Amino acid sequence: MSEHPPELDPRLVEILVCPLTRTPLRYDRVAQELVSDSAKLAYPVRDGIPIMLISEAREITD
Amino acid sequence: METTAELFDRHRRRVLRDRAAARYADYAFLKDAMVDDIAARVADTGKSFGRVLDLGAHDGRLGARIAGDWSVTVDAAAAFKPTLVADEDALPFADDSFDLIVSAGSLHNVNDLPGALIQVRRALRPGGMFIAAFVAGESLLQLRHDLIAADDAATGRVGVRVAPMIDVQGAAGLLQRGGFVSPVAEIDSFTVRYAGLIALLADLRGMGEANALASRLPLRRDVLADVAARFADRADADGKTNVPVQVITLTAWKAG
């Protein structure tokens with residue numbers, strides 16, 4: 001039943017930055033998240049749409 | 001980031017747009033007027049723009065009208081199925097990412113408009129162009145007065161029920177402060193005619209533009225009835241009331 005999530009356009013990933021720290025993001029295809037290592041936030045990608053809202057981001061705890 | 005001191009409730013603004021998404025096309029007449037004008041202005045430059053960003057895109061109908069190599073749409077609401085979801089004043093784009101940034105009908109209720117414009121300028125490539133249109137100025141002026149009068153009559157207190165709107169001088173100043181070159185702010189006046197207040201409020205909801213103010217108070221039934229009566233009192237012989245709408249259009253460039 002599980003479908004492969006849609007891949008984000010690499011051109012998009014290239015220009016996206018964290019709205020909080022303005023640093024580049026790491027695209028985690030498996031988790032479908034855009035990870036801001038500097039802000040320790042992971043922005044969700046839902047149905048192929050990056051949700052670039054700090055209020056929706058998952059805090060990353062080490 | 002989302003403090004109580006903000007004028008607009010970001011979550012509420014998102015919810016209102018999400019709810020409007022499914023039937024947005026039925027309420028897009030004002031958006032379409034802005035889209036036609038912006039598309040014509042882009043064509044008039046005689047330039048071709050490679051990477052295009054449609055900001056506050058709703059269903060993306062403006063970006064779809066502009067030929068580019070690659071078009072990105074941003075909206076605060078996921079239900080519009082944009083390329084990505086973001087607030088206009090917290091853009092997630094690296095500097096020098098787009099050749100053209102356009103926006104129709106969304107910048108009127110952004111919390112940090114000066115910040116949004118600075119971020120737009122940064123996201124443009126050198127020599128890139130920005131065109132935005134949004135409702136402003138004396139739009140809904142009489143309705144604002146009626147709401148204050150009705151609130152005052154019923155409760156002796158008045159609250160803000162319609163967001164304050166920027167005027168054309170203020171908008172020009174923001175472009176200047178935003179660091180753009182050749183900034184121009186223009187204002188156009190329209191009149192929309194409504195058979196009653198309820199029809200006007202239904203249109204606003206359909207556009208995703210019900211009250212998104214952080215300080216909004218519930219509108220009492222008797223106050224609403226009073227405002228509806230005041231609205232009807234101003235109707236012409238055909239029973240329709242003129243509602244003024246002003247649209248500010250910003251045009252500016254990033255230094256080449």
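Modeller: In chain B, seven strands form an open sheet with mixed pairing, in the order 3-2-1-4-5-7-6. Strands are DSSP runs (E, at least two residues; helices are H or I, at least four), numbered from the N terminus, and two strands pair if DSSP finds at least two bridges between them. This is a predicted model, where local features need pLDDT of at least 70, side-chain atom pairs count only at pLDDT 80 or more, and totals for chains, interfaces and linings use all residues. Residues are numbered from 1 along each chain as its sequence is written, chains are lettered from A in the order in which they are written, and side-chain values use heavy atoms, without hydrogens and water.

Colleague: Which are the edge strands of chain B?

Modeller: Strand 3 (84-85) and strand 6 (181-194) of chain B, each of which pairs on one side only.

Colleague: And how many bridges join strand 5 to strand 7 in chain B?

Modeller: Eight; strand 5 (residues 124-136) and strand 7 (residues 241-253) of chain B run antiparallel. F130(B) stands opposite A252(B) of strand 7.

Colleague: Changing topic, how many residues does the contact take from chain A and from chain B?

Modeller: Chain A gives 17 residues and chain B gives 24, contact meaning heavy atoms within 4.5 Å.

Colleague: What salt bridge does the rule find across that interface?

Modeller: The rule finds one: D95(B) with R22(A), their closest N and O atoms being 3.0 Å apart. The criterion is a side-chain nitrogen of Lys or Arg within 4 Å of a carboxyl oxygen of Asp or Glu.
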